[in-house]
Amino acid sequence: MEISDENLPLNFCHVQKWLLIINRLHMFLHSTALFFMFYYRLSFLFQNQVSRTSYLLPWLLVFASEIILSFIWILGQAYRWRPVSRTVFPERLPEDDKLPAIDVFICTADPIKEPTVVVMNTVLSAMSLDYPADNLHVYLSDDGGSPLTLLGMRVAWKFARWWLPFCRRYRIKSRCPKAYFSGLENDDGDFARSSVYMADKQKIKEKYEAFKEEIKTLREDSAFSRDSPGINNVQDHPSVIEVIQEDNNDDVDNVKMPLLVYVSREKRTTHHHHFKAGALNVLLRVSSVMSNAPYILVLDCDMFCNDPSSARYAMCFHLDPKISSSLAFVQFPQKFHNISKNDIYDSQLRSLFTLQWQGMDGLKGPVMSGTGFYIKRISLFGNFTIKGAELLQLKDYFGSSNEFIKSLNQNYTSNFASSQHTRLEEGHLLASCKYEIDSKWGKEVGFLYDSVVEDFLTGFFLHCKGWTSVFCEPSNPQFLGTATTNLNDVLIQGSRWYSGLFENGISRFSPLIYGPPRMPLLQSLCFAELTYFPLYCLPLWCFAIIPQICLLNGIPLYPKVSDRFFGIFLFIFLSSLLKHLQEVFLTGGTMHKWINEQRIWMMKSITCHLYGCLDAVLKKIGIREASFLPTNKVEDDEQSMLYQMDKYDFQASNTFIVPMLALLSINVSCFIGGVYRVSLVGDWDKMFIQLFLAAFIITVNYPIIEGLVVRKDKGCISKLVATHVILATMILLEICALLRNV
Ligand SMILES: O=c1ccn([C@@H]2O[C@H](COP(=O)(O)OP(=O)(O)O[C@H]3O[C@H](CO)[C@@H](O)[C@H](O)[C@H]3O)[C@@H](O)[C@H]2O)c(=O)[nH]1
Ligand SMILES: [Mn+2]
């Protein structure tokens, strides 16, 4: 008997048994060691009357740091509890005409930092997803309100009329034209020998060049420069909504094209616009009166669909009757096209998108990651029961548009073509600044506003309401983004993220308090780990200063080598490093990558984790306002070359460079002074750990020394800044020594 396709599962979830065993065993051993460490610290506090008085402050600081590190470690174990991976079977999906519709939302904010050609490549790759064209609708939100972007879309539409049929005819895998023509991957497949294909390819290539040229000419046109009169002020302009379509006046016939819509929401200086979350909410409303697809794909403009299959893969979960009722979104990992082999800045966020999300997938699902996810539209409408509600109540909740409220009924499909004019008018109402006033948008409905990491917050609340998510990681990356690959950008972006994350940790929605009654404990711990890991800044600052100054002054803070507790500290140190090494190897990394990750963790902790935490605290007490500085996506050849060569680009802001230099020079001088003192006094046994710690920090951060002493290229450290910093730290160390002698 044949099993019908309908009965076969669309996806399969596989628990990673070996990893699970290793993780749990490690958890057991490491936590036992931590227990003994706490025992040692506490018993010292009660026993050692004499030394207590003079060592107390540094001692307590080191102990507090150990407590914070252990706290973050415990939270992080939740990811390691039950890692899973998933397989999908898109060939078992129903026929094309039975597939549900998808709206794609792409956000852009700044035509200078986010070049139009790059954004249009994202648009084109989304339009050419392997999905029925009638059921695919692409919306671009332009927060820059730039006519250049709008014109760019018209040009892209013209090119798409050639590009889409070409991709379909030759089953092209790489459907982002920029990637396809870059020729990095051979995408010719079965047609490599076909002369017709080659001729077609050449023709399309010419069209692509012409497309780029047209955008370039537009860009150079002074009429589009920012200062030109009549050009939109980014902060103050009316809404513009345009359905991109053109009379069929060229020679491509009958090409089925997805709907393509340009939306630039109204901006007024008197209104807060809530950054990307605000932009996404406008798209959510405008699209509801145009295409109202039940599923939405969200993309940033700095990434493209690298493989056209993601929509079908996502449907393998959304259409699975066993999980679909509670499933809010399918998250794909963020992967990047510009990662170097050793990835000195960990720009790929390896741990997040491999281990952590897989771990959460084994619980209730990964965190929403801003881009590359397929979300069910109704999951964004809060827990309002639409059926029984009065119209007035609904308006309190969703704002005043009748058309929008009608769209909440899932069976509603707008007849867009026949009433385009009215719908565009409704669109303008929905994209206006005032629309959200006195409604629940951003608070309970749509993407949430209370954080600059809108993705984290929105995902967290979905999970709190009982929704789940899944993580889909096919071997071929479905989306490829542009990662930040210079130190300054990495740290600025980090400061924004950690400020947003920590802000959630200290709000009343802290995952540790708000989470546990609403979701499994382990799932809340995962969310908590993300919000609290910026706290790494405290122990790392402490470990980079206190033991070293104590070393110089002969104050021991750790057990002697001959003490039985020495083994405990050694074990904890090695066990953390080895576990990290195992995870790097498991995810395809090398020894080199491992040490790079250790280093960037230190660098980030003492800079952007600290600034993130401070920023969050200042926002909380009302001294600072939220800000979202989009990252720079214009490629700088010199900078990317340094990154590709594993050389740090130290031409970064002094707010980042100064703390790194200061801490390193403390370590170097205390190490030298310490060795000198210890060899005079002969207390190696007592001071071993402190000597070792300073040596470890110096070794891991050797590239900073290299940047100062050896390198002469453009990315080296400014000598002037370094001299000031080193002088200042010397004076500080002197003062410490004097204070102790008083
Ligand atoms: O006022 C704004 C600011 C940004 N964006 C868009 O938001 C996206 C993300 O901005 P980007 O500068 O690329 O920031 P990243 O730090 O790289 O973004 C990461 O972090 C964000 C905040 O957590 C997530 O939303 C993103 O998806 C995630 O890739 C881009 O498409 C921007 O055009 C807007 O539409 N309006
Ligand atoms: Mn980005």
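Which residues does Asp 300 touch, once residues up to four places away in sequence are not counted? In this predicted model, Asp 300 touches Ile 106, Cys 107, Thr 122, Lys 276, Gly 370 and Thr 371.

When its neighbours within four places in sequence are left aside, Lys 276 is in contact with Cys 107, Asp 300, Gly 370 and Glu 454.

Glu 114 is found in the loop between strand 3 (102-108) and helix 3 (116-127), and its relative accessible area of 6% makes it buried. Leaving aside neighbours within four places in sequence, the contacts of Glu 114 are Thr 108, Ala 109, Val 119, Cys 301, Pro 630 and Lys 633.

The secondary structure of the protein comes to 24 helices and twelve strands. Its radius of gyration is 28 Å, close to the 27 Å that the globule rule gives for 742 residues, so the protein is as compact as a globular protein of that length. Along the principal axes, the C-alpha trace spans about 90 × 60 × 55 Å. Of the 742 residues, 58% are buried, and among contacts with a separation of 6 or more, 83% are accounted for by residues 24 or more positions apart. The accessible surface comes to about 32900 Å², with 60% of it belonging to carbon and sulfur atoms, while the mean positions of the 71 positive and 73 negative charges are 6 Å apart.

The UniProt record, an unreviewed entry, also places the feature "transmembrane region" at residues 20-42, 54-76, 533-552, 564-581, 656-676, 688-705 and 717-739. How much helix and strand does the model show over residues 688-705? That stretch is 94% helix and 0% strand, with its end C-alpha atoms 24 Å apart, and residues 717-739 are 91% helix and 0% strand, with end C-alpha atoms 32 Å apart. Ala 728 is found in helix 24, which covers residues 719-741, and it is partly exposed, with a relative accessible area of 45%. Between Ala 728 and Trp 18 there are 710 residues of sequence separation and a C-alpha to C-alpha distance of 51 Å.

Another partly exposed residue is Met 645, at 46% relative accessibility, which is found in the loop between helix 20 (637-644) and helix 21 (654-681). Met 645 and Met 153 are 492 residues apart in sequence, and their C-alpha atoms are 36 Å apart in space.

Most residues other than glycine have a negative phi. His 274, however, has a phi near 55°, a positive value in a residue other than glycine, and it lies in the loop between strand 6 (259-264) and helix 7 (275-288). Asp 343 likewise has a positive phi, of about 40°, although it is not a glycine, and it is found in the loop between strand 9 (327-331) and helix 9 (350-361). Are these residues buried or partly exposed? His 274 is partly exposed, with a relative accessible area of 24%, whereas Asp 343, at 0% relative accessibility, counts as buried.

Notes. Residues numbered from 1 in each chain as written. Chains lettered and ligands numbered in written order. Predicted model: local features only at pLDDT ≥ 70, side-chain atom pairs only at ≥ 80, totals over all residues. Heavy atoms only, no water. Helix = DSSP H or I, 4+ residues; strand = E, 2+ residues; numbered from the N terminus. Rg over C-alpha atoms; globule rule 2.2 N^0.38 Å. Buried < 20%, exposed > 50% of the residue type's maximum accessible area, 1.4 Å probe, protein only. Contact = heavy atoms within 4.5 Å. Areas by Shrake-Rupley, 256 points an atom, 1.4 Å probe, with all protein chains shown as cover. Lys, Arg positive; Asp, Glu negative; His and termini not counted. Charge placed at Lys NZ, Arg CZ, Asp CG, Glu CD. UniProt positions renumbered as here; feature names shortened; annotations may be inferred.
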